[in-house]
Amino acid sequence: VPGCLLLHFALADYEEGRGKMTAARAVYDALVAQPDTLLSGERRTLAYIALMRFARRAEGAESARKVFLAARKDAGVSYHVFVASALMEYRVGKDAKVARNIFELGLRTHLTSAGYVLAYAEFLSDCLNDDNNTRSLFERTLAADNLPAAEARRVWNGFLAFESAVGNTVQYQAVQARRAEALREAMQQAGTLKASSRGGGRDAVGAPGSAEDALGLMLQRHAFEGLNAATPREAGLTAAQCEALGLDSAGFGVSAAGGDVDASGDGGGTSGGAGGAGSDGHGGQASSLTGALGTLVAVLAAEAPQVTAPLPQPEVVISVALQQEVPVPIATSAASRIRLPVTAESQAAAAAQVPAGMGMAAQQRGANGGQYGLPPPPPGPPGPPSRGGGYDGYDDRDPRNRGGGGGGGGGGG
């Protein structure tokens, strides 16, 4: 199989492990010499990167640079060879200047590739701690006339992620406003965004200010190295929505390239639209919410009406939700029972709903039920007259008031 990367890499590793460097180099050279019909695109790029790394290990840095020069001349190689070569110079040669020169060289042909720009920005920010030049790189890229709309969204998302990590609130909000304006203008020109909110039709997924866009930015802002606030299913984002939003569904970071993403979590993708709207039209799967977000949020989501208009910012929704008095069902055990604050007004309102003639115990149960948003118990027949000097309203028909300790009038007989 002349174009199989795995077989070539396995054979080269075998020869290198035996100390046969010449034989291993011959395997790599034969691989990159394959015609485009057998090896093209990303596979050819990966073959060159593997050869470049082997050359550095076995033959030295100068040999690795010669491989990089050969890869640059191959029209079928992607921007990844520039990133690999630059990082090799920085990590192995400890030469930041050479690494930056390689990145700048790649910008001549890959300025409109979001993946390359984000890799360069990460190098400037994380390796060199150069915030000013990182911002300058984003500005240069976004000013390019031939930057595709999908790539522009990913660059904007990267810019926002950068400002969220190292900038302040004012800087972040300024970039966010510029992003919304730029994306809205681009979508209007493409005909995927209505110029006015009136009229029929629906905006394309990810329109600035839409629920999907706001949710995507929040997930990106609060993600870190694979740690996410919610899974794709809990967030209600499908693979198509993650791609349109420029999100990496595996880590909710900035996606360097679109397509071939599965955000369903289980290969599905059947969840509803923005904001976690599931098939029931509320707030997502009840079981997922109960397990992940707790009882209060689950009840809130279950009681929320179906919404078809664009939703407000998630931060606003969460802020409002935290201020609401949400009715919570009585739990199965007293240890897990959630009690809402009881006020004199709530007790009076609950007592007012208890019909006349109901015993004190039943009235108390009705008042307690008001704490959980439960209806009062149905009225029963009037209780028997009081006995043994007991107080009026004692209802011995309640099973909780029977037996146990021989108290009351029955104990003195």
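How much of the accessible surface of the protein belongs to carbon and sulfur atoms?

1. The accessible surface comes to about 23200 Å², and 54% of it belongs to carbon and sulfur atoms. Accessible areas come from the Shrake-Rupley method with a 1.4 Å probe, and for residues only the protein chains shown count as cover.

2. This is a predicted model, in which local features need pLDDT of at least 70 and side-chain atom pairs count only at pLDDT 80 or more, while totals for chains, interfaces and linings use all residues. Residues are numbered from 1 along each chain as its sequence is written, and side-chain values use heavy atoms, with hydrogens and water left out.

3. The protein contains 19 helices and 2 strands. Helices (H or I, at least four residues) and strands (E, at least two) are DSSP runs, numbered from the N terminus.

4. Among the 413 residues, 35% count as buried. Buried means under 20% relative accessible area, exposed over 50%, and partly exposed in between (1.4 Å probe, protein chains only).

5. Of the contacts with a separation of 6 or more, 53% are between residues 24 or more positions apart. A contact means heavy atoms within 4.5 Å.

6. K94 lies in the loop between α5 (80-91) and α6 (96-110). Its phi is near 55°, a positive value in a residue other than glycine. K94 is exposed, with a relative accessible area of 66%.

7. N129 is placed in the loop between α7 (114-127) and α8 (131-142). Although N129 is not a glycine, it has a positive phi of about 55°. N129 counts as exposed, at 60% relative accessibility.
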